[in-house]
Structures are given as structure tokens and as C-alpha cells.
Amino acid sequence: LRLSSETLDPVLEPLLSRNLVKRGGINLVKVGDKEVHYNSDFKLYLQTELSNPHFKPELQAQTSLINFAVTESGLEEQLMAL
């Protein structure tokens, strides 16, 4: 899922917080107005092209943020650590 801003659609909140409902031995999650089957192997990857995004603390607590940006100072720090 590609993010164009620092906010996430509220419809995805139950999925991020894993608000599951168990019916008949099947895990369901509510997405929008529908309840859909939840697979425990499901992974959601969020991607943004924003150079320095500032997400809400709630979103940061529910996700792992990985910054793949390469800067000259970052490379220098890595090389100096060798």
C-alpha cells in the first residue's frame, strides 16, 4: 500500500490493531463495512516516497518503520564504524 501523506485511512485501523472476531473457529477482521477472513500469515507493507515522514504516535506504535533512504552522512557513519 503506497501512502501519499502522513495519515492512514481509518478503515485500516482494525487491521493494524488486529481487532479480530472469532466465529465458528475462523478469525475475522472488519475492514470498512465488511468482515473478512484473517490469515495469520498476512503481512501489510506500507510505502511512502516522503523523505522524512512524521506519522502519528499511534501508527508508529502499531508498525515497524524502516528508513531505506541513503544519505552521504549515513554512509560515512557506517564506514567509520568498520
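**Pockets**

I began with the second largest pocket, which has a volume of about 190 Å³. I am working from a predicted model, where local features need pLDDT of at least 70, side-chain atom pairs count only at pLDDT 80 or more, and totals for chains, interfaces and linings use all residues. Residues are numbered from 1 along each chain as its sequence is written, and side-chain values use heavy atoms, with hydrogens and water left out.

A note to myself on terms: on a 1 Å grid over the protein atoms alone, a pocket is an open set of points with protein on both sides within 12 Å along at least five of seven lines, for a 1.4 Å probe, and lining residues have an atom within 4 Å of a point. The volume is the space filled by probe spheres set on the points, which are joined across faces, edges and corners.

Which residues line the second largest pocket? I found Glu-6, Thr-7, Leu-8, Asp-9, Pro-10, Leu-12, Glu-13, Leu-16, Lys-56, Glu-58, Leu-59 and Gln-62. H1 and H2 are the elements that give two or more residues to this lining, and H2 has the largest share, three residues. Helices here are DSSP runs of H or I with at least four residues, strands are runs of E with at least two, and both are numbered from the N terminus. I sorted this lining into five nonpolar, two polar and five charged residues. For these classes, Ala, Val, Leu, Ile, Met, Phe, Trp, Tyr, Cys and Pro count as nonpolar, Asp, Glu, Lys and Arg as charged, and the others, Gly among them, as polar.

Next I looked up the largest pocket, with a volume of about 930 Å³. It is lined by 28 residues, and Tyr-45, Leu-46, Thr-63, Ser-64 and Leu-65 are the closest to its centre. Helix H1 (13-16), strand E5 (47-48) and helix H2 (57-62) each supply at least two lining residues to the largest pocket. H2 again has the largest share here, three residues. By class I get 16 nonpolar, ten polar and two charged residues in the lining of the largest pocket.

**The sheet**

I then traced an open sheet of three strands, in the order E2-E3-E4 with antiparallel pairing. Its edge strands are E2 (20-23) and E4 (34-37), each pairing on one side only. Two strands pair if DSSP finds at least two bridges between them. E2 and strand E3 (residues 26-31) are joined by four bridges, and Lys-22 stands opposite Asn-27 in E3. Four bridges also join E3 to E4, where Leu-28 has His-37 in E4 as its bridge partner. The hairpin of E3 and E4 has two residues between the strands, and Gly-32 takes a positive phi near 70° there.

**A salt bridge across the sheet strands**

How many salt bridges did I count? The count comes to one, taking a side-chain nitrogen of Lys or Arg within 4 Å of a carboxyl oxygen of Asp or Glu. Glu-35 pairs with Arg-23, and their closest N and O atoms are 2.3 Å apart. Glu-35 lies in strand E4 and Arg-23 in strand E2, twelve residues apart.

The cut-offs are under 20% for buried, over 50% for exposed and in between for partly exposed (1.4 Å probe, protein chains only).

**Phe-42**

Last, I checked Phe-42, in the loop between E4 and E5. Phe-42 is partly exposed, with 39% relative accessibility. Its C-alpha atom is separated by 19 Å from that of Asp-9, 33 residues apart along the chain.
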